[in-house]
Amino acid sequence: MTDRLARQVGFLMEIDRLKTIIRNTRLTDGSRAENSAEHSWHLAVMAVTLAEHAPPGTDINHAVELLLLHDLVEVDAGDTDCYDADGYRTKKARESSAAERIFGLLPDDQAGRLRAHWVEFEAGVTAEAAFANALDRLQPLLLVRYARDREWSLRAKTREQVLGRMSPVEHGAPGLWPIVTELIEDAFTSGRFGRTD
């Protein structure tokens, strides 16, 4: 095996650990929490399915790349719950350090390119990153809403908290924003609003 291939295989085996990172969001059947690898896969499929809602000119293939890579840092940094104020204080530093190590396992040319994709996603400035970020916010809301035999379970206490968290959807996929506002309104008016365990 060449050194290049050995580094690529090492990277692929390392990121397999993403399957062990458990998120707070449960599968729609309520049987268990999803893991970060499942989350990334689901987002990639969402990007392909909802491509028509992306900003004009968005390269969907590039958005899919961003989505498949965006959470690899969680192998080291773990998943930080979106309403965990303490976790968010150290999130950027933990994830930056993780990105350096994990992408650094690859040959230099690939390490630089894939790390740049991660940085692009985090910045959320390009059309592709804005769309990817919008889907990253929408997916957990959909899972929470459509979980079978469960009440709404949002850890946020107010509409404003949830709307603030979901605001990237309004910019990155404006055609999907009405779904977000409808789901949030339903959460707070249906009598099914609860809190997560």
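**Exercise 1.** Find which residues touch the most other members of the largest nonpolar core.

*Solution.* Start with the term: a nonpolar core is a set of buried Ala, Val, Leu, Ile, Met, Phe, Trp, Tyr and Cys residues joined through side-chain atoms within 4.5 Å. Buried means under 20% relative accessible area, exposed means over 50%, and partly exposed is in between, using a 1.4 Å probe and protein chains only. The largest core has 28 residues, and the ones touching the most other members are L67, F131, L135, M166, V169, L176 and V180. Next, ask who supplies it: helix 2 (36-49), helix 3 (60-69), helix 7, helix 8 and helix 9 (177-189) each give at least two residues. Helix 7 is the top contributor, with 7 residues. Helices here are DSSP runs (H or I, at least four residues), numbered from the N terminus.

Before going on, keep in mind that this is a predicted model, where local features need pLDDT of at least 70, side-chain atom pairs count only at pLDDT 80 or more, and totals for chains, interfaces and linings use all residues. Residues are numbered from 1 along each chain as its sequence is written, and side-chain values use heavy atoms, with hydrogens and water left out.

**Exercise 2.** Work out which residues L135 touches, not counting those up to four places away in sequence.

*Solution.* Contact means heavy atoms within 4.5 Å. With that cut-off, L135 touches L43, M46, A47, L50, L67 and L176, leaving out residues up to four places away in sequence.

**Exercise 3.** Describe how helix 7 packs on helix 8.

*Solution.* First the geometry: helix 7 (residues 127-146) and helix 8 (residues 159-172) pack at about 135 degrees, with axes 8 Å apart. Axes are lines fitted to C-alpha atoms, for helices over the stretch in contact, and angles run from 0 to 180 degrees between N-to-C directions. So helix 7 and helix 8 are oblique to each other; angles under 35 degrees count as roughly parallel, over 145 as roughly antiparallel, 65 to 115 as roughly perpendicular and the rest as oblique. Then the residues: helix 7 brings A130, F131, N133, A134, R137, L138 and L141, while helix 8 brings R165, M166, P168, V169, H171 and G172.

**Exercise 4.** What angle and axis separation do helix 7 and helix 9 have?

*Solution.* The angle is about 40 degrees and the axes of helix 7 and helix 9 are 11 Å apart. This pair is therefore oblique too.
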